[in-house]
Amino acid sequence: MCGIVGLFLKNPKLEPQLGTLLSNMLETMTGRGPDSAGFAVYGADGEGVKLTLRGPDQAALSVAVSGLEAGLGARFETVERDTHTVLSVPAGREDAVRAWLQANTRGIDVVSAGRRMEIYKEVGLPAQVAGRFDLAGMTGTHGIGHTRMATESAVTTNGAHPFSTGIDECLVHNGSLSNHNDMRRRLEREGLTFATRNDTEVAAGYLSWRMREGASLKEALESSLRDLDGFFTFVVGTETGFAVVRDPIACKPAVMAETDDYVAFGSEYRALVGLPGIDKARVFEPEPARVYAWERH
Amino acid sequence: MPNFDLNRAPLRELNRTLHALRPDTNESHWTVTGPDGRHAIAAGLDAPISVEIDGNVGYYCAGMNKHASVVINGNAGVGVAENMMSGFVHVRGDASQAAGATAHGGLLVVDGNAGARCGISMKGIDIVVKGSIGHMSAFMAQAGTLTVLGDAGEALGDSLYEARLFVRGSVRSLGADCIEKEMRDEHREQLHGKLKAAGLAGEIDPSEFKRYGSARRLYHFHVDNAGAY
């Protein structure tokens with residue numbers, strides 16, 4: 001089943017409320033996915049790149065960060081949130097940080113990297129997950145979220161969405177892909193690496209690869225309709241973009257609302273009910289096999 | 001006129017109250033506010049009452065309806081009026097997928113568009129959609145009519161049995177065993193009756209529609225296909 005949500009703000013006045021609005025949307029989708037939840041938020045533009053690290057607990061994360069600082073002889077700005085720590089790394093040092101963490105830590109994962117994007121995900125009810133990371137207190141321009149009801153693999157944090165395979169790129173997925181093993185092999189030949197055996201991570205990797213080759217977000221999603229086989233509704237975020245696509249059969253539900261202030265996506269209309277001015281919004285069901293994309297200017 | 005605000009009282013209480021009404025009840029007109037996309041609103045009604053819902057509803061609104069008249073002043077989610085037996089359901093906005101699925105009778109009118117699989121496996125319902133319908137509509141439809149003032153998506157009427165499909169606009173493609181059929185006087189008369197029931201008498205000319213139905217080639221096992229099994 002699973003529930004997915006997304007909110008892309010056009011009006012900067014709503015930015016302080018992004019986390020609160022997204023948190024309500026996510027919690028409303030608990031019935032569709034009570035196992036685990038995750039979300040990506042595009043917040044303030046930082047210096048260099050923000051790496052979101054995930055560990056077993058905050059103690060293990062601070063040990064890793066102290067070790068990293070000693071090892072590289074540098075100080076990094078951090079923001080701690082429960083089992084995640086956002087590490088601000090100056091441009092050019094990302095590879096060194098990743099290499100040090102890989103060589104010297106166990107159980108610490110880099111969940112995402114971005115100039116603006118941070119990703120948080122954990123096992124548990126969506127309200128608890130959102131609460132642990134204080135999603136309601138976050139601000140930003142856009143965000144996406146996912147509530148998971150696992151059907152084909154274990155309930156683990158690694159299986160939770162969003163998945164990120166590129167800087168400021170992330171994806172949530174409702175559905176299941178049937179050609180992900182073959183596609184993963186093809187993408188690995190193109191130099192991409194995958195952290196899990198999850199089908200959704202392959203979809204994220206596919207889009208990263210297409211965009212790396214010069215495609216726009218919209219073009220990458222259009223070609224995914226040709227190359228990915230299975231059931232899917234995707235909601236995708238990039239540093240400045242937000243997009244939605246459904247497979248041609250469109251088994252997985254989707255509803256969208258657009259006003260002058262925002263574009264919102266929900267697996268069900270219920271998720272959109274709390275948005276400001278929803279009564280006046282243009283509410284529509286995205287058509288199958290059609291890419292809907294928005295870009296901030 | 002009783003009103004039920006779903007932001008104040010639980011949905012189950014509404015449905016329980018409506019289910020408890022006797023056929024000769026005097027409380028025959030109900031209004032529901034604050035639907036907020038909740039599922040199964042006014043499902044399983046079994047009395048000649050009318051229910052008017054102000055706002056957007058979730059899945060299966062007015063499902064299994066019998067005798068009742070349900071008006072939705074908004075959009076409807078998946079499976080509105082699914083398995084309706086009789087009565088009337090009117091969606092003033094758009095309907096999502098599988099509107100009127102498997103329904104045996106009654107009339108479903110959608111003022112806007114209906115999504116994919118509209119009237120899938122319909123068994124006697126009359127559906128009138130003033131906008132367009134999505135792909136795989138009337139899949140395996142067995143009886144009833146589907147009237148569309150706009151266009152139809154891919155694979156209309158796939159594996160159709162005996163329902164009659166009237167489409168005024170374009171049809172992106174026909175499904176297996178669905179063919180265009182001659183529009184004779186009896187069909188124009190039938191269509192006129194359905195349009196009239198939907199409140200469109202005199203507004204729409206039945207002769208602008210094309211009729212689609214079953215070629216009946218999938219009814220029986222064909223010995224030439226034996227090698228396929």
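1. Strand S12 of chain A pairs with strand S16 (residues 292-295) through 4 bridges, and the two run antiparallel. Strands here are DSSP E runs of at least two residues, helices are H or I runs of at least four, and both are numbered from the N terminus. Two strands count as paired if DSSP finds at least two bridges between them. Gly241(A) has Glu295(A) in S16(A) as its bridge partner.

2. This is a predicted model: local features need pLDDT of at least 70, side-chain atom pairs need 80 or more, and totals for chains, interfaces and linings use all residues. Residues are numbered from 1 along each chain as its sequence is written, while chains are lettered from A and ligands numbered from 1 in the order written.

3. S12(A) also pairs with strand S11 (residues 230-237), again antiparallel, through 5 bridges. The two strands form a hairpin with 3 residues between them. Val235(A) stands opposite Val244(A) of S12(A).

4. Buried means 20 or more other C-beta atoms within 10 Å of the residue's own, with C-beta atoms placed from the backbone. In a regular strand, side chains alternate between the two faces of the sheet. On one side of S12(A) sit Gly241(A), Ala243(A) and Val245(A); on the other, Phe242(A), Val244(A) and Arg246(A). Both faces are covered.

5. Chain A as a whole has 7 helices and 16 strands. Of its 297 residues, 50% are buried. Its C-alpha atoms fill a box of roughly 55 × 40 × 35 Å along the principal axes.

How values were computed
A residue is buried if 20 or more other C-beta atoms lie within 10 Å of its own, exposed if 12 or fewer, and partly exposed in between; C-beta atoms are placed from the backbone.
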